[in-house]
Each structure stands twice: as C-alpha cells, then as structure tokens.
Amino acid sequence: MGSLKKLFTESRLPVEDLAYLSRLLKTNLPLKQSMDLLKNRKNRKIFEEITRQLDQGFLIENIIKDYLPSPIRSCMTTLLGHLSFSDALSISLRVYEEQQENRGGLFSSIAYPCILLFITISALYLFDLYGIDTIFKLIISFDADIALYQDIRVLFRIVIRTVYYLILAGTLAVIYFIQPRRIVLLYLFLSEHFPNSLMSVYYSEEFMSLLLICIEHGYKSKEAIAILKDMKNRPVISFLAFHLDESLMEGETMKEAMHKKYYDSSLSRFIKIGNYTNDFSQIISSYISLAKKKIRQRMKRYTVTIQLSTYAFIAAIIIFIYQVLFMPMQAISMF
C-alpha cells in the first residue's frame, strides 16, 4: 500500500516545481533546458520521461496532463485547448492560488466553531445516553423529586437531536450539490430567491478574478470570456461566462450584462465606473478587493454567531450537568 502511494505521488509534479518551470519559461528559456535546471532527486524521473516523449515527437500539451496534480490538471486541460503551454501553465497556477486563498480563508474561519459545536453535541449525547440515567436512579433511591430535571433533559435531548439532524442534512446537501450540474441549480435558486447571497458574491468575485487574470496575460475580454466559458470543471464560472457572452452577443453593454440577477449587484456599478475611467483592470481589481472584504465580513459574522450560540448552549448544559451531578449529595444531605 505504501509503495502504491509513493508511486502515485512521484508520478505528479509538485505545484512548486510547476511554478518554477513557469517562471523559467517566461524568460524565453527552452522547455527542455528549463526542466534540466529544475531536476532534483524527486522529480528527475518525471522530467526525464517528459523529455523522452518530446524527443519522440509528442507535444508537451499531450504529455504534461499525466504529470499534473489534480487541482492544476482540471484547469490546465481546458486552457490548453485555447492557449500556449506557457500561458496555460501560468494562468492555471494563478487560478490555483486564487482558489487556495479564497477557499482556505472560508474553511478556516468556519471550521473551528462548527467542529466545536459538533464535539459539544457529541459529548452531550454520550452523557445523556450513558451518564444521566445512572444519576437519576441513584436520586430516585432517596425518594427525591426529579420531575423538573427530567423535563429539562427532554428539552436538551430534543435540541441535541435537532442539531444532529441539521448536521446530517447539511452534510447530505453538500454531497448532493457538489455535483457540477447540481451546484449550478443551487446557484440559480439562490440567485433567484436570495439576491447578493454569500454564494453569489463569492462566485462573482472568483469569476472576475479569473477574467482579470486572463486579461492581464494579454487576452482581450472576448477571448477571456471564451476561455472561462469552456471551464466545465468550474461549472458556476462556466455558467456566468456563458450568460455574459450571450448578453454581449445580443448587443448589451458589459454594464447591462452584469446587471443580471446571476451576478453580485455591486459589480455593474464598478463596470460603469470602469467605462468612464478607461481603466477596466484597475476598477475590477478594486471590485475584487471589496468583494473579498465583504466575504470576510460575512464569514466573520456567521462565525461569531455560531460561536456565541455554541458557547451559550455549552453554558446552559454545564449548569444543567452541574445541578445533576450534585443531586446525589443534596439527596444524601436530606437524610
């Protein structure tokens, strides 16, 4: 098992090596020479195999796909149909960095309170299942009245099971909507009924970030939209690019196209400013910065809400458990 894992790992180039390769290619250094400069103990076999296939007449666009890590490969496979190898690699790495930054920030901010809530509920469930009955039996043996505590226990049991069901429902929803077609349906539903939702702002920011990356690499807006439209591995991005391209083909301006319900409502205002200033890239960069700030603020608000709810629930449970644990001593003191 260990050898298989090692073999699989060694058959993929690390992201760091790809980043160094991209930098060398930007200096107009030939591909083979760039790979020779980057060879080390870990990647030597991969670079030698790529060189061997190049010498046999195969194109790098057809070779490299087998040696890319999955986050890079999914994006680069699409880009190689439109761009040169150097540009496709450079843009794929920028897309990967954007994705890591966005998702890393979201997950890290929300993970701790959710894990804390789950651990708390799990501990209370086990205590309710194995601990409270033993204490109640001891109290009953002293003819003490525990009716109030039993009612409170029923209430907490309802709360615990409700939270567990919500966690289960949330997990199943993530598994269900993670499919490409379904995540677009979810996005459509939220855009229709919850304008400017967190998901809408998140994907609008990501879409404009990818569009700006392509433009900064020298591609015109139309070419950049065509590239994003073909990103089937990023279904929401592809969906937004498709509708933007369709609107522009119908004669609408960029501002009018971005005023649709599928995009963050503030985006069209930035596009309007960009039309007046003739500095589209700078205005879009400003929108991206503002959208990221908006996302962080919302995530912070959600995180604080979950944390406060968790702490309040823990405090209430601790008080209840404290009372239950001291009931035997109170019952004994009555005799």
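The model is predicted, with local features needing pLDDT of at least 70 and side-chain atom pairs counting only at pLDDT 80 or more, while totals for chains, interfaces and linings use all residues. Residues are numbered from 1 along each chain as its sequence is written, and side-chain values use heavy atoms, with hydrogens and water left out.

Colleague: How are H2 and H3 oriented to each other?

Modeller: Helices here are DSSP runs (H or I, at least four residues), numbered from the N terminus, and H2 covers residues 15-26 while H3 covers residues 31-38. Their axes, which are lines fitted to C-alpha atoms over the stretch in contact, with angles running from 0 to 180 degrees between N-to-C directions, lie 10 Å apart at an angle of about 135°. Angles under 35 degrees count as roughly parallel, over 145 as roughly antiparallel, 65 to 115 as roughly perpendicular and the rest as oblique. H2 and H3 are therefore oblique.

Colleague: How many nonpolar residues are in the contact of H2 with H3?

Modeller: Contact means heavy atoms within 4.5 Å, and the residues that make it include Tyr20 and Leu24 of H2 and Met35 and Leu38 of H3. Ala, Val, Leu, Ile, Met, Phe, Trp, Tyr, Cys and Pro count as nonpolar, Asp, Glu, Lys and Arg as charged, and the others, Gly among them, as polar. Beside one polar and one charged residue, the nonpolar ones number eight.

Colleague: Which residues of H12 does H11 meet?

Modeller: H11 and H12, the latter spanning residues 221-229, pack with their axes 9 Å apart at about 125°, and are therefore oblique to each other. From H11 come Phe207, Leu210, Leu211, Cys214 and Ile215, and the residues they meet in H12 are Ser221, Ala224, Ile225, Ile227 and Leu228.

Colleague: Which residues of H11 make the contact with H10?

Modeller: The axes of H10 (residues 180-193) and H11 (residues 198-216) come within 9 Å and cross at roughly 115°. H10 contributes Ile183, Leu186, Tyr187 and Leu190, and the residues from H11 are Met199, Ser200, Tyr203 and Ser204.

Colleague: Which helix gives the largest share of the lining of the second largest cavity?

Modeller: A cavity is a set of points, on a 1 Å grid over the protein atoms alone, where a 1.4 Å probe fits but cannot get out, and lining residues have an atom within 4 Å of a point. The second largest cavity is lined by Tyr125, Asp128, Arg157, Ile160 and Arg161, with H7 (85-130) and H9 (147-177) each giving two or more residues. The largest share, three residues, comes from H9.

Methods: 1 Å grid on protein atoms, 1.4 Å probe; cavity = no way out; pocket = protein on both sides within 12 Å on 5 of 7 lines; lining within 4 Å.
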